[in-house]
Amino acid sequence: MPTILKTTLLLMASNLFMTFAWYGHLKNQANKAWYVAALVSWGIALFEYLLQVPANRIGFAGGHSLAQLKILQEVITLAVFVPFAMLYMGEGLKWNYLWAA
């Protein structure tokens, strides 16, 4: 499998965990104390790091620059966040997403 494909797939999976860790508690843990939501988010974020660190190491060792890895991550962030916000959180499509891109 090409390095860029491995890196991209790992970063996509990592970003999915990150998005749930950062924002999923707004829906799932809304009635819990903030520290419970923080601990749950921290547990989810562990899986993000278990995917993100190898992804960046594979990409960097494969010849991709730090800037390329960061820009790839930002593109993936929008590609994951917009469907998450719309489908999971029930928010509509907004112009802000286009401007963020």
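Modeller: Let us begin with burial: a residue counts as buried under 20% relative accessible area, as exposed over 50%, and as partly exposed in between, with a 1.4 Å probe and only the protein chains considered. This is a predicted model, in which local features need pLDDT of at least 70 and side-chain atom pairs count only at pLDDT 80 or more, while totals for chains, interfaces and linings use all residues. Residues are numbered from 1 along each chain as its sequence is written, and side-chain values use heavy atoms, with hydrogens and water left out.

Colleague: Is Asn-15 buried or exposed?

Modeller: Asn-15 has a relative accessible area of 0%, and therefore it is buried. In the protein as a whole, which has 101 residues, 28% are buried.

Colleague: Which elements make up the protein, counted from the N terminus?

Modeller: Helices (H or I, at least four residues) and strands (E, at least two) are read as DSSP runs and numbered from the N terminus. Here there are 4 helices and 0 strands, so the order from the N terminus is written α-α-α-α. Along the principal axes, the C-alpha atoms fill a box of roughly 45 × 30 × 20 Å. Asn-15, with which we began, has its place in helix H1.

Colleague: Which residues does Asn-15 touch, not counting residues up to four places away in sequence?

Modeller: A contact means heavy atoms within 4.5 Å, and on that basis Asn-15 touches Gln-73, Ile-76, Thr-77 and Val-80. With one of these, Thr-77, the side chain of Asn-15 also makes a polar contact of 2.9 Å. A polar contact is a pair of N or O atoms within 3.5 Å, where, within protein, one must be able to donate a hydrogen and the other to accept it, and where residues adjacent in sequence count only if both atoms are side-chain atoms.

Colleague: Among contacts between residues at least 6 apart in sequence, what share joins residues at least 24 apart?

Modeller: That share is 72% in this protein. As an example from a loop, His-64, found between H2 and H3, touches Thr-3, Ile-4, Gly-59 and Leu-69, once residues up to four places away in sequence are set aside. The C-alpha atoms of His-64 and Thr-7 are separated by 9.9 Å, although the two residues are 57 apart along the chain.

Colleague: Where is Gln-29 found, and why does Gln-29 count as buried?

Modeller: Gln-29 is in the loop between H1 and H2, and it counts as buried because its relative accessibility is 16%. Beyond its neighbours within four places in sequence, Gln-29 is in contact with Gly-24, Val-36, Ala-37 and Val-40. Leu-87, by contrast, lies in helix H3 and counts as exposed because its relative accessibility is 75%. The C-alpha atoms of Leu-87 and Gln-73, which are 14 residues apart along the chain, are separated by 21 Å.

Colleague: Which helix gives the most to the lining of the largest pocket?

Modeller: On a 1 Å grid over the protein atoms alone, a pocket is an open set of points with protein on both sides within 12 Å along at least five of seven lines, and lining residues have an atom within 4 Å of a point. The volume is the space filled by probe spheres set on the points, which are joined across faces, edges and corners. The largest pocket holds about 310 Å³ of space, and of its 16 lining residues the closest to the centre are Met-18, Lys-70, Gln-73, Glu-74 and Thr-77. H3 gives the most to this lining, with 7 residues, while helix H1 (3–28), helix H2 (34–61) and helix H3 (66–88) each supply at least two.

Methods:
On a 1 Å grid over the protein atoms alone, a cavity is a set of points where a 1.4 Å probe fits but cannot get out, and a pocket is an open set with protein on both sides within 12 Å along at least five of seven lines; lining residues have an atom within 4 Å of a point.
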